[in-house]
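Hi,

Here is the model I promised to pass on. Have a look at it first, and then read my notes below.

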Amino acid sequence: MKIQHIILIFLAISISGCVSFKSKSEVASVTHLEPSTETIRKVDTILYKAMMFQKSSEKIALSEGRELTKDEARYAVELGIKHPEKIRIQYQWSLPKPHDKELLIEFNKLGFGSLFEGGRTSGYGIYVKSYFPYKSSIIRHELVHVKQAESMGLMPFTRQYLIEAMTYDYFDMPLEAEAFNKTEGDKF
Ligand SMILES: [Zn+2]
């Protein structure tokens, strides 16, 4: 199912901070796909700009966002995040968009920046849409992405995320499947 179709079906959706609509068994049955050479080339072409965007978004969230609550910090530790104290949560009505035209085109194609995107992670900076419901689920989901980026390094994570986003349907992306699996249940 393409992202556009999913958007029409589910109103309370976010692109990188979804509330889980799939059961664990459905998510676990994701088939591995090999990215095409063209996809890898395209991602490597925009990677530097994507990193600049990640870093500038992270900087804003780190300077303006709030620290984790005790429950959120406990969950971050459970996930294996090494530096939960570095994380900041920034509430905004709209999420950051790249200024660069080429990156913006790719960004829009992948469904970022849509009305239905509820949350996004840039390094240790987590953005959450102010008006979005299910904020706790979004934060838990985004904390999994923080853990992924912390473990892999921000650049390898960003590269991998883009390759997967161009290869899989959104819910089938392995990085997203892990986030959905670990977001199940009401922890706080
Ligand atoms: Zn996600």
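**What I found**

The protein chain has eight helices and three strands. Keep in mind that this is a predicted model. Going along the sequence, the elements come in the pattern α-α-α-α-β-α-β-β-α-α-α. Of the 188 residues in the protein chain, 39% are buried. Among contacts with a separation of 6 or more, 75% are between residues 24 or more positions apart.

**The sheet**

The three strands form an open sheet in the order β1-β3-β2, with mixed pairing. β1 (88-92) and β2 are the edge strands; each has a single partner strand, so one side of each has no neighbour in the sheet. On average, neighbouring strands here are turned by 20° against each other, direction ignored. β1 and β3 run parallel and are joined by five bridges. If you want a landmark in that pair, Ile89 stands opposite Ile126 in β3.

Two helices to look at next are α3 and α6. α3 packs on the sheet and touches β1, β2 and β3, with its direction at about 80° to that of β3. α6 also packs on the sheet, again touching β1, β2 and β3, and its direction makes about 25° with that of β2.

**The core**

The largest nonpolar core has 32 residues, and Ile126, Val128, Leu143 and Val146 are those with the most contacts inside it. Elements giving two or more residues to this core are α3 (37-64), α4 (70-79), β3 (125-129), α6 (135-152), α7 (154-167) and α8 (174-183). Which of them gives the largest share? That is α6, with six residues.

Leaving aside neighbours within four places in sequence, Val128 is in contact with Ile89, Tyr91, Gly118, Gly119, Lys135, Ile138 and Ile139.

**Helix α4**

After α4 comes Gly80, which has a positive phi, near 100°.

**Two single residues**

Is Arg120 buried or exposed? Arg120 has 26 other C-beta atoms within 10 Å, and the cut-off for buried is 20 or more, so Arg120 counts as buried. Arg120 lies in strand β2 (residues 119-122). Its C-alpha atom is separated by 9.9 Å from that of Gln90, although Arg120 and Gln90 are 30 residues apart along the chain.

The other residue is Tyr134, in the loop between β3 and α6. Most residues other than glycine have a negative phi. Tyr134 is not a glycine, yet its phi is positive, at about 60°.

Cheers

Definitions and conventions
Residues are numbered from 1 along each chain as its sequence is written. This is a predicted model: local features need pLDDT of at least 70, side-chain atom pairs count only at pLDDT 80 or more; totals for chains, interfaces and linings use all residues. A nonpolar core is a set of buried Ala, Val, Leu, Ile, Met, Phe, Trp, Tyr and Cys residues joined through C-beta atoms within 7 Å. A residue is buried if 20 or more other C-beta atoms lie within 10 Å of its own, exposed if 12 or fewer, and partly exposed in between; C-beta atoms are placed from the backbone. Helices (H or I, at least four residues) and strands (E, at least two) are DSSP runs, numbered from the N terminus. Two residues are in contact if their C-beta atoms, placed from the backbone, lie within 7 Å. Two strands pair if DSSP finds at least two bridges between them. Axes are lines fitted to C-alpha atoms, for helices over the stretch in contact, and angles run from 0 to 180 degrees between N-to-C directions.
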